[in-house]
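I opened this model to look up its charged pairs, its core and its strand pairing. My notes follow in the order I checked things.

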Amino acid sequence: MKLISNELFKAVRYALYASATAAVGLTAAPVLAQDSGQTLETITVTGSRIRKADVETAQPIVVLDRAAIEHQGFSSVADILQNLTEAGSPPISRASALSSGEAVGGYYIDLRNLGANRTLVLLNGKRLGVTTDGLQDLSQVPISAIERIEVLKDGASAIYGSDAIAGVVNIITRRNFDGAEASAYVGQFDADDGAKQTYSMTFGAHSDRGSVTMTAEYSNEDPVWANNREYTRYPSGPLHPTSGWTVVSQFGAFFMPEGYCSSGLCSLNPGGDPSNPADWHNTGSGGPLADRSDASAQMNLQSGIERKSLFANAEYNLTDNLKFSTDLLYNKRTTRVQIAGYPFQPAFYMPGTLPGDLEGAYIGLSPDSYFNPTGELVYFYRRGWEVPRTTKSDLSTYRVSGTLEGSFDIGDHTWNWDVGGFVNQNDVLKTARGDFSLIGLTSALGPSYLDPTTGLVTCGTGPDNSLPYGSAPGQCIPWNPFLPASVPGSVNLGNLIGTPYGMDNPNSLYNPALQALIFPYYHDTGTTKTIDYSANITGSVFTLPAGDLSVAAGYEYRNERGAFVPDAFSQAGLSTNLSAGPTGGSYKVDEYYLEVDVPILKDIPFARELSINVAGRYSDYSTFGDTTNGKFSLTWRPIDDLMVRGNYAQGFRAPTIGDLYGGLGGTFESYTDPCDTVGGAAATNPAVAARCTAGFGGQPGVPPDFVQIGQGGIPCDKYPCQTGVQFLSGSNPLLQPETATSKTLGIVYSPSWLQGLDVSLDWYRIKIVNSITGDDTQSQLDDCYVLGVASRCNSLLFRRDPSSGTVVYNLEGGKNAGFAETEGYDFGVNYRLPEFSFGRFVASWNTTYVNYLNSKADDAATTPIVGVTGRSYGSPADVAFRTRSNASLDWTLGDFGATWTTRYYSSIREKCSFDDTPAGGPECNMPGHWANGVVSNQNRTGSNTFHDVQLRWNAPWNGTISVGANNVFGHVAATMYSSPNSNFNYYGGFDIGRFYYMRYNQKF
């Protein structure tokens, strides 16, 4: 939809270009994240349970206040957090159109590239609801209800329990709001697509005894189509516009008897007669381009999403020392995604019909079909262009919390306590269409005849043995697969209406009744529920010479329950959709914690402050048993201007419901077979080639010229390549928790001789052992053939066809194995300049440098990940940038303001996808590169920098008008053939165009 007229957008563009020209020499914009090493006014800080006034934290924390949020041109919590330099690759990005499962459609945050389920998300200090895989969807929280976001860049399992390994995100909502506020946000890309709109209303009132705040928000983001961007228009990018096209064109490809074509895989000439052998020609991987198709023509580059939210908070002082508070949240999130019609192929059969010799059981056009001119069973490749695959994911969140809190005095010391709990329930409904029903397909391709009384081709062998014509149960409509589809960029079948090949043919897939028979709607359902009760107390025990010795202690009970039930067709394997079994289970945990803050020295030379904080948490799970985790923090201020801080923390992540009780599911993996003699490691590594051809670890050898087979049964010419064989993934009920240690050491320097300047530098190291990880196809094959780990060649994991060498079976299950370890530095500079006659400036520069990010499977060599794509920890296609940096400059003068932001990503190296020459394809600028014991042709892309700008005016009627552009210069990043965090040759975390927006805020 076009949200705003082109004339209005032109006016906005001219204003922004003018501001960009004036500010082109500037290097920064609003404070995206201010380091909290400065004195905090709040009495609690994320990462500690102890309440203290004027706390200067020992832990590295990033704070995004409401002003910083509004000065950015993003309309969701996830988009804002994803632009933190500490954030990793976006989990299940909106460019991952082919992703499937319960979590698809949500927004998640992954700190330090260690996985989204190792970052804990809190809402007002309490856990956000989770999926059965332990992911916390940030789209549950309306952005208009947020007061600030605190991001703890350190492990905190001793304080919060499981999952707080890479860090903690605490979303804190608005309270004690008085009055009313309305806001509207609209925007779209300069390609006139991807329109976004967000409308919100906040009401509030407060008195001496209490307050009520309520926010309602509606948000909608239109999808963006892949064929509307040059870099995603083609399967293999603009430099290879004809590569990656599949054999399933609009006319299909059929295994016809001898005489129709010499290769056996034939395609019908446009307008040809299927019964005339002269109207057929050879097709397949060596056939003409006209016989292939580009699936990108029907795919979303970015999915559409709609959100409706209602959040309310109320507080009431029962007495001077007793208060009750409650939060209520309702959120309805609907995500819509479309991908190309399913590429049907001769790999499906009706369960229970497959004989031992595998002959004659796969679904094809029956010899007795009215449309079959051969009298033989005809197998074929045919994409369902007429009905693209669509998925609508609805997530409804219901959350209610209540807390009773109070205080009391013991001598001169005040103690605070609270008792409360919350219930969070997520209900998910996924409605999909576009996969073939094997039941309907078997009927539609079965015996059929021309009924002389109706003139219709009817299912059956004759009037005495037929099915009623229709799509209801017990009815049937024959399908003529020789009728072509109308594919974007191909023959326009609209010109053929009224002919035997037209879209009005009742036996064409354009017939709505036939679509209803073959393409029914599929429904997956799921529910997760978190019930949590807690009791906490904190206060100072006694006073030491350096200050109060304070403690916090508490108990927490949590019950996690969850289930995800795929459609009956998927469970029974009766559709071309991924097979999947139900997931369901629950667990309980009782936890106790103790935290002690000890001031040691104060106001003496070289120790203006010296204090330590010690915490421990005991957790008893109903699944695996118990675990105890501790944390130690040190704060040392040798002079007033300098603070040194350090932390050592133990952490853990308990196996989730999905890890333990997940159903067996199917997946079409994208991977690079190391035995591929064109794109695999065997092409350049003699040791790998020897293992592949001779056979290794019990696996049979592959042919000397082996090439991996992809979708549509054609040889791969781009890597990673998606298999046409459905692999399996499952769970493991014997999983144990993974454990972690994290260390940080940093300084914060706030010179008294230069007021307003804060400089921070923090070092971090996180190591996860006994990690819970999904064992993916790429890891298994690489460990077996590249690293030579014989145990990873087990036939229970994968099997090859003895004659062709193709991987025909693969099982991906969870395991506790190996480790992941990362180390790096966070550097921050914030400078609030003195006020000048021409305005006030605030500059900010935040950078994260990753020294290393390594992973290791059992018995395998360590795999470095940072700076490369194609095999990252947690996903084989993640990106771990060596350096990410944000710089910003904010200017205000009276009622006017402007913000300039620069976002930098360092270069990335990937394996060349087009490896058909000794130096690789045309993109390969690092031929013969050696890494991790493997020599291969590599491509290094350049670094990428995106610039954002915002202009705003505070109107005299208490309104604020903001206009801006994200990626104001329209930067397009380099093509990345490894498709990191995306199903396209473009990193899923990069901007996909110049985005203009307008925001209006009115206070009453």
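This is a predicted model: local features need pLDDT of at least 70, side-chain atom pairs count only at pLDDT 80 or more; totals for chains, interfaces and linings use all residues.

Arg 653 is one partner: the two side chains meet in a salt bridge, 3.0 Å from N to O. This pair links distant parts of the chain, with Arg 653 in strand 29 and Glu 738 in strand 34, 85 residues apart. Arg 653 has 1% relative accessibility, so I logged Arg 653 as buried too.

Arg 118 also forms a salt bridge with Glu 738, and here the closest N and O atoms are 2.6 Å apart. The span is 620 residues. Arg 118 sits in the loop between helix 3 and strand 3 (119–123), while Glu 738 belongs to strand 34 (residues 738–749). Both Arg 118 and Glu 738 are buried.

Next I checked the pair Arg 608 and Asp 640. They form a salt bridge, with the closest N and O atoms 3.1 Å apart. Arg 608 lies in strand 27 (residues 607–621). Asp 640 lies in the loop between strand 28 (625–639) and strand 29 (642–653), 32 residues from Arg 608. Are these two buried or exposed? Arg 608 has a relative accessible area of 29%, so I noted Arg 608 as partly exposed. Asp 640 reaches 51%, and exposed means over 50%, so Asp 640 counts as exposed.

I searched the whole structure for salt bridges and got 37.

Core next. The largest nonpolar core has 41 residues. Those with the most contacts inside this core are Leu 81, Leu 138, Ile 149, Val 169 and Ile 171. Helix 3 (residues 77–82) gives the largest share, four residues. I picked Leu 81 and asked what it touches, leaving out residues up to four places away in sequence. The contacts are Leu 64, Ala 87, Ile 109, Leu 138, Ile 149, Val 151 and Val 169.

Then I turned to strand 43 (residues 883–893). Eight of its eleven residues are buried, so I wrote it down as mostly covered. Which strands pair with strand 43? Strand 41 (residues 840–856) is joined to strand 43 by ten bridges, and the two run antiparallel. In that pairing, Thr 848 stands opposite Arg 884 of strand 43. Strand 44 (residues 896–905) is also joined to strand 43 by ten bridges, again antiparallel. There, Asp 890 stands opposite Thr 899 in strand 44.

I also looked at the turn from strand 43 to strand 44. This hairpin has two residues between the strands. Gly 894 takes a positive phi there, near 60°.

Last, I took the overall numbers. I counted ten helices and 50 strands in the protein. Of the 1004 residues, 59% are buried. For contacts with a separation of 6 or more, residues 24 or more positions apart account for 70%. The accessible surface comes to about 37300 Å². Carbon and sulfur atoms hold 58% of that surface.

Conventions. Residues are numbered from 1 along each chain as its sequence is written. Side-chain values use heavy atoms; hydrogens and water are left out. A nonpolar core is a set of buried Ala, Val, Leu, Ile, Met, Phe, Trp, Tyr and Cys residues joined through side-chain atoms within 4.5 Å. Buried means under 20% relative accessible area, exposed over 50%, partly exposed in between (1.4 Å probe, protein chains only). Contact means heavy atoms within 4.5 Å. Two strands pair if DSSP finds at least two bridges between them. Accessible areas come from the Shrake-Rupley method with a 1.4 Å probe; for residues, only the protein chains shown count as cover. A salt bridge is a side-chain nitrogen of Lys or Arg within 4 Å of a carboxyl oxygen of Asp or Glu.
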